[in-house]
Amino acid sequence: EADAYATEGARGIDTIRRMVLQQKGEDITLEQAQLMYDEKTRQFHLMGEAPLMPGILGLMEKIHRQGLRIGVVTGSGQRPLINRLLVDFGDYLDEQHIVTAYDISRGKPAPDPYLMGMEKTGTVPWQTVVVENAPLGIMAGTASGAFTIAVNTGPLPDKELTERGADLLFAKMTDLRDAWGGLF
């Protein structure tokens with residue numbers, strides 16, 4: 001579980017290549033990684049739909065009411081995930097403001113995904129707030145120059161997020177939702 005959170009946000013094919021190298025000592029091709037990613041995607045879809053993170057809709061509503069633009073930056077390229085984002089958050093998000101693994105060549109922790117997100121939302125780093133729950137995403141948000149908020153939704157100790165450069169840390173999304181108005 002900790003490995004999953006530690007690599008969350010990276011492009012799926014990059015994570016697969018890294019894990020195969022660590023576990024088997026083999027440097028597989030992008031094509032081989034893509035085949036494994038496709039199988040992983042198939043397995044995930046057999047698991048059923050995950051519930052929404054508590055507090056996320058309320059947070060998006062607060063952000064939207066302030067007139068701020070909302071974008072999503074994901075290391076995934078799965079079309080069903082994109083469709084789910086559009087269904088669940090369609091009042092706050094459109095497809096033009098979603099960055100996927102297929103939009104960039106360097107995934108998190110590189111700043112590229114967030115810089116592309118800023119391009120898509122028409123913002124610059126000093127106008128951007130990144131909300132992240134994983135170390136690689138926090139590193140990417142920080143490297144992009146954006147104000148980066150960590151929300152610890154997983155099993156990692158808080159220091160795994162704060163040591164990666166998070167400007168603020170919240171224990172759960174409902175805490176960030178409740179504090180948002182006082183922050184911005």
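Reader: Let's start with L59. Which residues does L59 touch, leaving out those up to four places away in sequence?

Author: A contact list like this shows what a side chain meets from elsewhere in the chain. Keep in mind that this is a predicted model. Leaving out residues up to four places away in sequence, L59 touches M173, L176, R177 and W180.

Reader: And how do I read that in terms of a core? Which residues have the most contacts inside the largest nonpolar core?

Author: The general idea: in soluble globular proteins, nonpolar side chains tend to be buried together. Here the largest nonpolar core has 18 residues, and L59, L85 and L176 have the most contacts inside it. Helix 4 (56–65), helix 5 (79–88), strand 4 and helix 9 each give two or more residues to this core. Helix 4 supplies the largest share, 4 residues. Another core, of 7 residues, lies apart from it; V73, V99, Y114 and A146 are among them.

Reader: How many bridges join strand 4 to strand 3, and how many to strand 5?

Author: Strand 3 (residues 129–132) is joined to strand 4 by 4 bridges, and V130 stands opposite T148 there. On the other pairing, 3 bridges join strand 4 to strand 5 (residues 168–170). Two pairs to find on screen: A150 has L169 as its bridge partner in strand 5, and I149 has L168. While you're zoomed in, remember that in a regular strand the side chains alternate between the two faces of the sheet.

Reader: Is strand 4 largely enclosed or largely open?

Author: Count the buried residues, where buried means under 20% relative accessible area. In strand 4 (residues 147–151), 4 of the 5 residues are buried, so the strand is largely enclosed by the rest of the structure.

Reader: Now the aromatics. How many aromatic pairs are there?

Author: For each pair, check the distance between ring centres and the angle between planes. The structure holds 2 aromatic pairs. In one, the rings of F147 and F184 have centres 6.0 Å apart and planes at 85°, so that pair is edge-to-face. F147 lies in strand 4 and F184 in the segment after helix 9 (173–183), so the pair ties together parts that are 37 residues apart in sequence. The other, W180 with F184, is tilted, at 4.6 Å centre to centre and 45° between the planes. F147, W180 and F184 form one aromatic cluster.

Reader: Which of these count as buried, and which as partly exposed?

Author: W180 counts as buried, at 3% relative accessibility. F147 counts as partly exposed at 32%, and F184 is partly exposed at 38%.

Methods. Residues are numbered from 1 along each chain as its sequence is written. This is a predicted model: local features need pLDDT of at least 70, side-chain atom pairs count only at pLDDT 80 or more; totals for chains, interfaces and linings use all residues. Side-chain values use heavy atoms; hydrogens and water are left out. Buried means under 20% relative accessible area, exposed over 50%, partly exposed in between (1.4 Å probe, protein chains only). Two strands pair if DSSP finds at least two bridges between them. Rings of Phe, Tyr and Trp (its six-membered ring) pair if their centres lie within 6.5 Å; planes under 30 degrees apart count as stacked, over 60 as edge-to-face and the rest as tilted. A nonpolar core is a set of buried Ala, Val, Leu, Ile, Met, Phe, Trp, Tyr and Cys residues joined through side-chain atoms within 4.5 Å. Contact means heavy atoms within 4.5 Å.
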